[in-house]
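Please brief me on this model, from the chain pairing down to single elements. Keep it short and grouped by topic.

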2 protein chains.
Amino acid sequence: MNRNNIDIKGIGEFFKNNNDFLILTHKSPDGDTLGSAYALCESLQLYGKRAGVICSDEIPKKFYYFTEKIINNCNTENPTVISVDIADTKLMGSLKEKYENKVMLSVDHHVTNLYFAKYNYVNAFSGANCENIYEILVNLGMPINKNIAEALYTGISTDTGCFRYSNTTSKTHLIAANLMDYGINNSEIDRIMFETKTKSKIALEKYVLDNLKFYFNGNAAIVVLEKEQTEALGCSDDDFDGISSITRCIEGVKVGITLREKENNVFKGSVRTYEPFDASDICKRLSGGGHARAAGCEITAKKEDAVKKVLNSIEIEISEKNIKI
Amino acid sequence: MNRNNIDIKGIGEFFKNNNDFLILTHKSPDGDTLGSAYALCESLQLYGKRAGVICSDEIPKKFYYFTEKIINNCNTENPTVISVDIADTKLMGSLKEKYENKVMLSVDHHVTNLYFAKYNYVNAFSGANCENIYEILVNLGMPINKNIAEALYTGISTDTGCFRYSNTTSKTHLIAANLMDYGINNSEIDRIMFETKTKSKIALEKYVLDNLKFYFNGNAAIVVLEKEQTEALGCSDDDFDGISSITRCIEGVKVGITLREKENNVFKGSVRTYEPFDASDICKRLSGGGHARAAGCEITAKKEDAVKKVLNSIEIEISEKNIKI
């Protein structure tokens, strides 16, 4: 079912008929929401409109290379509000109350989009929302320059794990090819996005490797991240990004589990699997849930007992599915 | 200067006029040489020719997903030899003597190619040699199926660091887009190529993180990999791939140095930098050389003295270039 009530041509009319645009990103902004917002903002400005970007949270410094060049010149009290990469008004953070009923146009790529705007343009076949923004700009003949291309490339590259995730399509690469022709510095962008790690993140990775334990003939790897110890490393929530996937990267490991202590004796479990193990089944037995390859659960127990519960669920998985280990 | 003495049309004639092809890869085979060889081999077979692949070294298991499907059906004593991704006959390894004077066609993308074959087709504007093979197959209307597309994607993805390196071009993405249309499993391929690590590699990474030392206000990071200790971890040469770049991934680090002890008190130094540090200048003062961002040197000294020599060269770099640290 297509619940879109505006097409690209309609968006063109919408841009023509308004003059002051305020573009809203989601909270904890990432490359895709910021890339979408700043690319659209600069293109609208070059098209002769006034526009600005707004976000409930601070913009991480690593995105400054494309965000800093844009100055908000939309200074009216009643701007035309556009949201980008926002599936649900909850994701507006502290700006929810002010804007949830004021969004005129929403451009998004999440299949879970709640169609909260007056006009909704949702294309979930796009790996990144920046693919949607690119298609809108190109089809309307709106301006694209190097900075806009770098913003769009950032969104596409980050949301597809640098073209690795299964949401990458032929279209993703075609758009990347076109963006490369604007002379973007893809290797520098990807270095900033993927290669640079904080010292506390490095310390956390080291902690994971130091504390990793193997079970079931190397098929399972479990690491427990104790609160007191990770706090002592100075880790922020950002540092935990991607940490759960480390366990599954090791040769032979088909079930990787990270137990992160959120409060005293309360562990958030992240389970990552490869076939034939099912992360969702493993977590269901621990009152959690999720997908076959990635699932989660919460366990309240002492560290040793939390590990035992997880091992027990994996043992049932192995025996029920006759998995050879 | 273009020293090519054959174009794609000429290659088409060459394929037509011969029937038994033996395709040679370089030693220590990687994704690009194997992708080139197996894609060309299968396409020639589907085109009605007999063909096989030969390599001086064993093919790493991780490539079996595209190599195992191809059976060598070229069984003549005097095959028509094609080399792929080989810039210099030295790279033929133990097969050099037998084949160095027998290569009829060489398809390569290295600017350093020595034009050792009868017919040489070198396009150094291609990030991966698989881009050249793709262009040859497409322009000649030769068969491409899913397995061929997966072989070609593997070469392109591995030689461009999954589209991150500066050798990635608009053409690279265009070809990837076309290969995606054959239904290739890009996320599984990139997982195998980039995410899976051996236990000894994990142990080595841990060793690096444990032994990393920072200097010059966090601008430089140095790690010494001692022979006895890395041997005790069970590390193979493969495990050292990419290890030198770990040092430069840390926030704030602009010079990352890995000193790997090859023999007792002989250290191979790998220097990776960001601006304004110049790796080539740092290594020149240590009788080495290379590029601005990546260079190398060899230091014969006790561990402590080797580190001192490196620190001294960095200190000169900082003072000569007035670098603020």
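Predicted model: local features only at pLDDT ≥ 70, side-chain atom pairs only at ≥ 80, totals over all residues.

Residues are numbered from 1 along each chain as its sequence is written, while chains are lettered from A and ligands numbered from 1 in the order in which they are written.

**Two copies**

**Chain A overall**
- Chain A holds 13 helices and eleven strands. These are DSSP runs numbered from the N terminus: helices are H or I with at least four residues, strands are E with at least two.
- The C-alpha trace of chain A spans about 65 × 45 × 40 Å along its principal axes.
- Of its 325 residues, 43% count as buried. Buried means 20 or more other C-beta atoms within 10 Å of the residue's own, with C-beta atoms placed from the backbone.
- Among contacts in chain A between residues at least 6 apart in sequence, 64% join residues at least 24 apart. A contact needs C-beta atoms, placed from the backbone, within 7 Å.

**The five-stranded sheet**
- An open sheet in chain A has the strand order S2-S1-S3-S4-S5, with parallel pairing. Two strands pair if DSSP finds at least two bridges between them.
- S2 (50–54) and S5 of chain A stand at the edges with a single partner strand each, so one side of each has no neighbour in the sheet.
- From one strand to the next, the twist averages 20°.
- S4(A) is largely enclosed by the rest of the structure, because five of its six residues (103–108) are buried.
- Four bridges join S3(A), residues 80–84, to S4(A) in parallel. Here Val81(A) stands opposite Val103(A).
- Four bridges also join S4(A) to S5(A), residues 119–122, again in parallel. Val107(A) stands opposite Tyr121(A) there.

- H2(A), residues 31–46, lies across S1, S2, S3 and S4 of chain A. The helix runs at about 165° to S2(A). Axes are lines fitted to C-alpha atoms, for helices over the stretch in contact, and angles run from 0 to 180 degrees between N-to-C directions.
- The axes of H2(A) and H6(A), residues 146–159, come within 8 Å and cross at roughly 160°. H2(A) and H6(A) are therefore roughly antiparallel, a term for angles over 145 degrees.
- Residues making this contact include Gly31(A), Gly35(A) and Ala39(A) of H2(A), and Ala151(A), Gly155(A) and Thr158(A) of H6(A).

**Helix H5**
- Eight of the eleven residues of H5(A), residues 129–139, are buried, so the helix is largely enclosed by the rest of the structure. Among them are Cys130(A), Ile133(A), Tyr134(A) and Leu137(A).
- The buried residues of H5(A) pack against H1, H2, S3, S4, H6 and H7 of chain A.

Note on methods: Buried ≥ 20, exposed ≤ 12 C-beta atoms within 10 Å, placed from the backbone. Contact = placed C-beta atoms within 7 Å. Parallel < 35°, antiparallel > 145°, perpendicular 65-115°, else oblique.
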